[in-house]
Amino acid sequence: MTRKKKILILNGPNLNLLGRREPEMYGTEGFGQYLERLANLYPDVCLDYYQSNHEGQLIDKIHEVGWDCDGIVLNAGAYTHTSIALHDAIKAVPCRVVEVHISNVMRREPFRHVSMIAPACAGIITGFGLDSYRLALEALLHDAEV
Ligand code: DQA
């Protein structure tokens, strides 16, 4: 029997407010509700979830799971644009990380066009609403790498 793949969804600052925060930008669905739908779509995947508003806690989580999970779907929120420490944490672990964004960051303010973490990630998915997480999960499950 093949073992279930273990994937962590890791959300950064302000993403605990999904559903209430700028709904015109991020939608009206809370993440808990979305996660339930996602888990139902992928019964053969062991999906874990963690959210923190604190950079160090996100780094600790990457260290904790980075050697024993099959991939991380990471929405680092605003830390995407600032955090060399997250870049280094992603590089430090063997598991693959996909950067995701709900909004299309390339259509927003110029400061969001810069990603400090992108060079350490396997790829980026941006702009598909909450479906960005599912698309990132698909990428990890298919293990696509060029
Ligand atoms: C975001 C985009 C970031 O620029 C922003 O700081 C967020 C959310 C997104 O999912 O679209 O907090 O990562």
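This is a predicted model: local features need pLDDT of at least 70, side-chain atom pairs count only at pLDDT 80 or more; totals for chains, interfaces and linings use all residues.
Residues are numbered from 1 along each chain as its sequence is written, and side-chain values use heavy atoms, with hydrogens and water left out.

**Overall layout**

The chain has five helices and five strands, taken as DSSP runs numbered from the N terminus (H or I, at least four residues, for helices; E, at least two, for strands). Along the sequence they run β-α-α-β-α-β-α-β-β-α. As for size, the C-alpha atoms fill a box of roughly 45 × 30 × 30 Å along the principal axes.

Buried residues make up 46% of the 146. Here buried means under 20% relative accessible area, exposed means over 50%, and partly exposed is in between (1.4 Å probe, protein chains only).

**Inside**

A nonpolar core is a set of buried Ala, Val, Leu, Ile, Met, Phe, Trp, Tyr and Cys residues joined through side-chain atoms within 4.5 Å. The largest one has 21 residues, and Phe31, Val73 and Tyr133 have the most contacts inside it. Two or more of its residues come from each of β1 (5-11), α2 (31-41), β4 (97-101) and α5 (131-142). A second, separate core holds 20 residues, including Ile59, Ile62, Ala76 and Cys95. Back at Phe31, residues up to four places away in sequence aside, the side touches Ile9, Asn11, Leu18, Tyr49, Leu130 and Tyr133.

**Two residues side by side**

Lys61 sits in helix α3 (residues 55-65), and Pro94 is in the loop between α4 (84-92) and β4.

| Residue | Relative accessible area | Contacts beyond four places in sequence |
|---|---|---|
| Lys61 | 13%, buried | Leu8, Leu10, Tyr50 |
| Pro94 | 53%, exposed | Gly66, Trp67 |

Which atom pair puts a distance on Pro94 and Gly127? Their C-alpha atoms are separated by 27 Å, and the two residues are 33 apart along the chain.

How values were computed: Contact means heavy atoms within 4.5 Å.
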